[in-house]
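Hi,

Here is the structure I promised to pass on. Have a look, and then read on for what turned up in it.

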Amino acid sequence: MLPATFKLCAGISYGHVRSMTGLRKTAMVAINHEMKRLSGPGPNRWISQVRRRSSLLSGRIEETPYSEAEISYMKQGEEALQKSISILGDQSGWKMETEANGDKVLSKMLPDIGKVFKLEVVLDQRPDHLYGELVGNMEKMGEWNPSVKQVTILQRVGPDTLVTHEMAAETPGNIVGPRDFVSVRCAKRRGSTCFLAGMSTNHPDMPEQKGFVRAENGPTCIVMRPSAEDPNKTRFTWLLSIDLKGWIPKAVVNQVLSQTQVDFAQHLRQRMAASDMGAALAC
């Protein structure tokens, strides 16, 4: 539909065509209809937009002057995003793990992946503010999230892709010992919706570390989009899939992961509230 609309618009640029009765009005109506169709609300609008745009980007990666390793990281990041979008787009089969004050953690089993968890909360921040904290200040996460000791960016690839090393803190009572992760992350903004997807990878600068079990994650994804009720608030969804490795009972793993998501939401609220207060005092 969109190419036909532009052809119609191009047609009215010719003088002998522009004078035809009703053609200019038809073109303007067609443009207005098409723009509303693209930008209008819909339950899966952000999913289809990301799939389409990511598909176009994947086709262009080969044309860019990146090394083979960099192209591999970019493709892994896109794969993590696409898998996450596919999982989140399927609303069937989710079971409630925990719910408190409107914050929900749900889970379901997936073939070839295992159990995945989904946090759904509403935060009193705009998506771009949260995106700035989680992406722009990624290496500061250890300052406010007790579940994380340290996040280090190992490599940046293009505008959307990062390779990171994360060191997780020990759980209370040392139920789960020290874990670390090497991840490729894909950070994107599509209109008013923000994404941060990731999955485990390897990097030559970060072999397995003494004293840590190298765990695996992915696909994982945080989706931040404006609340339909209040555009100054964010519908925050976090898909979590982790293999902690080692001999840990599944019941313990499930409890730790769901609690980690609940705690993360609370710590993120506190972080953003502190940032708002700091900005107010600076003024």
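Where is the place of N145? N145 sits in the loop between α6 (127-136) and β4 (148-157); helices (H or I, at least four residues) and strands (E, at least two) are DSSP runs, numbered from the N terminus.

Before the rest, some housekeeping. This is a predicted model, so local features need pLDDT of at least 70 and side-chain atom pairs count only at pLDDT 80 or more, while totals for chains, interfaces and linings use all residues. Residues are numbered from 1 along each chain as its sequence is written, and side-chain values use heavy atoms, with hydrogens and water left out.

Back to N145: its relative accessible area is 5%, so it is buried (buried means under 20% relative accessible area, exposed over 50%, partly exposed in between, with a 1.4 Å probe and protein chains only). Leaving aside residues up to four places away in sequence, N145 touches F264 and H267 (contact means heavy atoms within 4.5 Å).

Now the charged pairs. The count comes to 15 salt bridges, each a side-chain nitrogen of Lys or Arg within 4 Å of a carboxyl oxygen of Asp or Glu. One of them joins R271 and E133, at 3.1 Å from N to O. R271 belongs to helix α7 (residues 250-282) and E133 to helix α6, so this pair ties together parts that are 138 residues apart in sequence. Both residues, R271 and E133, are buried. R271 also pairs with E143, with the closest N and O atoms 3.9 Å apart. E143 lies in the loop between α6 and β4, so its pairing with R271 in helix α7 links parts 128 residues apart in sequence. E143 is exposed, at 60% relative accessible area, whereas R271 counts as buried at 18%.

Another salt bridge runs between K245 and E216 (3.9 Å, N to O). There is a network as well, with E78, D160 and K188 linked by salt bridges.

What about disulfides? The structure holds zero disulfides, a disulfide being a pair of cysteine sulfur atoms within 2.5 Å. Take C221: the closest cysteine sulfur, in C186, is 8.5 Å from its own, too far for a bond. C221 is buried, with a relative accessible area of 0%, and C194 counts as buried at 1%.

Last, P231 is in the loop between β10 (220-226) and β11 (234-240). Its C-alpha atom is 7.1 Å from that of R126, 105 residues apart along the chain.

Cheers
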